[in-house]
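Please keep the sequence and the three-dimensional view at hand while reading.

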Amino acid sequence: DFGSTDGIPVTEARQRLAATYARWALGDIDAKLEGGESLRNVHERTSDALLQLLALCPDQGSVAAVTHSSYLRALLAYYL
């Protein structure tokens, strides 16, 4: 959830996102936009679903899933 940038022009959203993206780039997984989610929030909200998916296929060795890039960033930030 990109909070206060939902539904506004891209140029304005980029201005509002700049500071948060800079904090994310420095590894701050708690940075978030006003009314939005942090990468930690995204991970906490979605990690159970990932674990359930993996549990369904214990002998397969791998699982393919389709998701948004924000979740992938949250996942990598959390585990790295």
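## A residue to begin with

Does T20 count as buried or exposed, and at what relative accessibility? T20 counts as buried, because its relative accessibility is 8%, under the 20% cut-off for that class. The model described here is a predicted one.

T20 lies in helix α1. Leaving aside residues up to four places away in sequence, T20 touches A31, K32 and L33.

## Overall architecture

The secondary structure of the chain consists of three helices and zero strands, and the order along the sequence is α-α-α. The radius of gyration is 15 Å, well over the 12 Å that the globule rule gives for 80 residues, so the chain is more spread out than a compact globule. Along its principal axes, the C-alpha trace spans about 45 × 25 × 15 Å.

Of the 80 residues in the chain, 25% are buried. The accessible surface amounts to about 5,900 Å², and carbon and sulfur atoms contribute 56% of that area. Among contacts with a separation of 6 or more, 42% are between residues 24 or more positions apart.

A search of the whole structure finds one aromatic pair. This pair is formed by Y21 and W24 in an edge-to-face arrangement, with 5.1 Å from centre to centre and 85° between the planes. The angle qualifies as edge-to-face because it is over the cut-off of 60 degrees.

Both residues belong to helix α1, which covers residues 10-25. Because they are three residues apart in that helix, Y21 and W24 are separated by about one helical turn.

## Salt bridges

How many salt bridges does a search of the whole structure find? The search finds three. One of them joins R23 and D28, whose closest N and O atoms are 2.7 Å apart. R23 is partly exposed at 41% relative accessibility, and D28 is partly exposed with a relative accessible area of 23%.

A further salt bridge brings together the side chains of R40 and D30, at 2.5 Å from N to O. R40 lies in helix α2 and D30 in the loop between α1 and α2, so this pair ties together parts that are 10 residues apart in sequence. R40 is partly exposed, with a relative accessible area of 30%, and D30 counts as partly exposed at 41%. The side chains of R45 and E37 also meet in a salt bridge, with an N to O distance of 2.8 Å. Here R45 is exposed, its relative accessible area being 53%, while E37 counts as buried at 19% relative accessibility.

## A nonpolar surface patch

Which residues form a nonpolar patch on the surface? The patch is formed by L51, L54 and V63, which together have about 240 Å² of accessible area.

L54 is found in helix α2, which comprises residues 39-56. With 41% relative accessibility, L54 counts as partly exposed, because this value falls between the cut-offs of 20% for buried and 50% for exposed residues.

Key. Residues numbered from 1 in each chain as written. Predicted model: local features only at pLDDT ≥ 70, side-chain atom pairs only at ≥ 80, totals over all residues. Heavy atoms only, no water. Patch = residues over 30% accessible without salt bridge, like charges linked within 9 Å, V, L, I, M, F, W, Y side chains within 5 Å. Areas by Shrake-Rupley, 256 points an atom, 1.4 Å probe, with all protein chains shown as cover. Salt bridge = Lys/Arg side-chain N within 4 Å of Asp/Glu carboxyl O. Helix = DSSP H or I, 4+ residues; strand = E, 2+ residues; numbered from the N terminus. Buried < 20%, exposed > 50% of the residue type's maximum accessible area, 1.4 Å probe, protein only. Rg over C-alpha atoms; globule rule 2.2 N^0.38 Å. Contact = heavy atoms within 4.5 Å. Phe/Tyr/Trp six-rings, centres within 6.5 Å; stacked < 30°, edge-to-face > 60°.
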